[in-house]
Amino acid sequence: MYGRMDLSQFRADTALALDRRNFVRLALGSGAGLVIGAWLPAGSARAEAAAQGNESGGVFMPFVKITPDNVVTVLVKHQDKGQGVATGLSTLVAEELDADWAQVKPEFAPANVELYKNLFFGVQGTGGSTAIANSFEQYRKAGAAARAMLVEAAAKRWGVDAASVKVAKGVVSSGANSATFGELAKDAASMAVPADPKLKTADEFVYIGKSFPRLDSVQKTTGARIYTQDVQLPGMLVATLARSPRFGGTVQSVDDKAARAVKGVVDVVQTPHGVAVLATSTYAAIKGRDQLAVSWDDSKADMRGTDALVAEYKALADKPGLVARNEGDATAALAKADKVIEADYIFPFLAHAPMEPMNCVMQFKDGRATLWTGSQLQTVDQNVTAAILGIKPEDVVINTLWAGGSFGRRGVYNSDYIAETAGIVKATGRSEPIKLVWTREDDIKGGYYRPLYVHRVKVGLGKDGEILGWHHRIVGQSIAIGTPFEAAIVKDGVDGTSVEGVADTPYAISNMHVEVHNTKAGPPPLWWRSVGHTHTAYVMETMIDEIAALQKKDPVAFRLSLLEKHPRHAAVLKLAAEKAGWDKPAADGVFRGVAVHESFKSFVAEVAEIRIVDSKPKVERVVAAVDCGLAINPDNIKAQVEGGIGFGLGAVLHSKVTLKDGVVDQANFDGYEVLRFNEMPKVEVHILPSAAPPTGIGEPGVPPIGPAVANAVAAGTGQRVRVLPFADGLKLG
Amino acid sequence: MAKFQLNGREVTVASEDDTPLLWVVRDELGLIGSKFGCGAAQCGACTMYLEGQPIRSCVTAVSDVDGKSVTTIEGLSGPVAEAVRAAWQKLDVVQCGYCQSGQIMAATALLSETAAPTDDDIDSAMSGNICRCNTYQRIRTAIHTASETLKG
């Protein structure tokens, strides 16, 4: 009666693996039209291109397809989890191609590290707010090369000089001659690909900087957009997995009799990750798991609760750690200070809790694994799956789907939920597609959290309140140690993500010493939207504010006095203050706080206005100023900062994952509270005009909101909140 | 074995009586626009209408809708729904989009009852629907925009 979902958008497991050789064949030998990519000066690939008879001196990667139906397909190498990169990369191509926005369609690229690697990572993956920054030239060149080939094809067809050919809004013309891209696609496919196509200058932009509408709005407002949770394939089984309630626990014994008796349950298997229940429907898989009786072996489990961890971390903060920065002599400066501020800050574990819980569909058949999932680190996901199933990474085909949020959760160094799915596939030996589904309880209890951190800060002040020395210890789990990202992120034992935002503070502090202790704890740590900056910005920006208050100095003016060598910080701070009306008194009962922070090479300042209502802070308005380089899509930048502010605000007000005897206390959104509609402040975002290369925007809106609100709370109540969330650390009335 | 009207058509389903309506509609009937977010009436991603009123389909047993009419995002139509969708698209409300079926169902229900909602009305109607991308500000603006459109 009802049509099932349209599967034509997916590549079947038997479909052509999209490697470069096939692309060249498609481009040159078939009637499919023009398939093209951007120039990349890579040694091996260059040699391969030469072998293919491509004498252009460049290698062309498949980022753009132009088909006779006049559709421009942009192959998006990054995951879109809402941050808008599919629209962003399409904008870059449309700009240089002079396409019409209505003919542009984003499509996620297949997993192929050579073609689609993140140029900053070396692997195919999305994260660190790098998607636009690493693709900026690559995707523009793809569009420019395609445009040049269309022009050449048109000139040849019409017998005119290429210089006379114009392109605008998807139409190629010269004098009385005119053709659509679609009409020229086949001819263009046989044109030589320009080695170094000319790019537009900023004054020629028609799309960049102009906020063209998102390309995913219609499908996301009609219920038509398909996420992993929605994939239904013939014969597909749905799996749930019972995991140890404690991190590190293993299965001791299983009684699956009752589970197997549940109607729809077809199999129960033990895997390296727990006990899987496979069923013909999602609900049967959930119900079946509820009926499992599993005894867990906790001999290797972490039995500690949050209180014990905090006590241990505080004790570690008494001891010297690994040095992340040492400038001048902070210890000596503190010894001769007139006043020393000493403060401990405690930040809880945080779950990402994207609206779509984790899930993955996998089919292993004829030696090839096909995945349908919102893959964020395709190369890692390929490697992990291949290792478990005993095949080659290139035999793992990934259909990257639109992801229902991530905030870091899907970019996992060990591909946890994909590995779980592969484990189930292997244990069952089945060739049907299997969809592993996490429930919300699995998500909140399942680990991969922003780690618990303790900061101990000692600041020595002179007799006029000037900063003489700053001593800072950070205690918590390293996210990167022991992962494939260790070599890139960890130096001399110091994980850059643990200390970013402190060790590289822009404030002019002459004696600064920063140390870190890497702790071990059961809950696996993971990057959480803005990573280390989630806690470091809070500490730096509340402490600077406290020092300004002690000196009775204006918080904006005091910061500016310490930022003389950092004009981009200073500029956003001034802009936010100006737009917030900082120089005018706030309304009665309204208190203001400010914070400024750099993350992912972007600069954001935020002014928060709060009232105290029913003994709690109510954030009414936030004014943000942003410098993220050239603004590709200003409206999307605003959306990301609005969303980042809400995301960070919910965390500082409410969110925490706590443990008792090693078991997570929270289970769903009743215990793990996030920001709700009535708590969303009015947010204004102002973008600083810039010609600098574009930098990150998915994450940089998050770090300043916590300290801006905390500083407003201090202005209004005198309380400096140092235990997060505010629900725990702020006691009023 | 329940029988009900789904988006105006009669359906008879084989799912067990205790199966939540959400899973019946998604898994058995193949309409995937209503989303699973929490399974506990905490987030609103699964919002459907039962006899025109918004419900959390993740905690509504299919036996409880026997003989009644159910509407999902796929069947949501009429001038209010059109105005809501148009406002959502005009303002580019969506980010990941996973919660937006539920948001649109909740917003359309609000505007169907209250043609010109205040901010407090919107808070009351929408605070049961979580958006982890925190698109709340644009949702609020879009509801006001749709309300203006409907005024004509």
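Predicted model: local features only at pLDDT ≥ 70, side-chain atom pairs only at ≥ 80, totals over all residues.
Residues are numbered from 1 along each chain as its sequence is written, and chains are lettered from A and ligands numbered from 1 in the order in which they are written.

I will start with strand β23 of chain A, residues 512-519, where 7 of the 8 residues are buried; helices (H or I, at least four residues) and strands (E, at least two) are DSSP runs, numbered from the N terminus. Two strands pair if DSSP finds at least two bridges between them. Strand β13 of chain A, residues 322-327, runs antiparallel to β23(A) and is joined to it by 5 bridges, and Val323(A) has Glu515(A) as its bridge partner there. Strand β20 of chain A, residues 467-477, runs parallel to β23(A), with 8 bridges between them, and here His472(A) stands opposite Val514(A).

Strand β3 of chain A, residues 72-76, runs parallel to β4(A) through 5 bridges, and Thr73(A) is the bridge partner of Lys105(A).

Among the helices, α3 of chain A, residues 85-97, reaches 18 Å from its first C-alpha to its last, close to the 18 Å expected at 1.5 Å a residue, where the expected span is 1.5 Å times one less than the number of residues. In α3(A), 13 of the 13 residues are buried, and just after this helix Asp98(A) takes a positive phi of about 55°.

What about the interior? The largest nonpolar core has 268 residues, and those with the most contacts inside it are Ala239(A), Ala624(A) and Val709(A); such a core is a set of buried Ala, Val, Leu, Ile, Met, Phe, Trp, Tyr and Cys residues joined through C-beta atoms within 7 Å. Helix α5 of chain A, residues 131-158, gives the most to this core, with 15 residues. Two residues are in contact if their C-beta atoms, placed from the backbone, lie within 7 Å, and, leaving aside neighbours within four places in sequence, the contacts of Val709(A) include Gly593(A), Ile610(A) and Leu649(A).

Leaving aside neighbours within four places in sequence, Val380(A) is in contact with Val123(A), Gly125(A), Tyr413(A), Ser415(A) and Pro484(A).

Finally, we come to the two chains, where 47 residues of chain B are in contact with 53 residues of chain A. By class, the side of chain B that touches chain A has 22 nonpolar, 16 polar and 9 charged residues, where Ala, Val, Leu, Ile, Met, Phe, Trp, Tyr, Cys and Pro count as nonpolar, Asp, Glu, Lys and Arg as charged, and the others, Gly among them, as polar.

Key: Buried ≥ 20, exposed ≤ 12 C-beta atoms within 10 Å, placed from the backbone.
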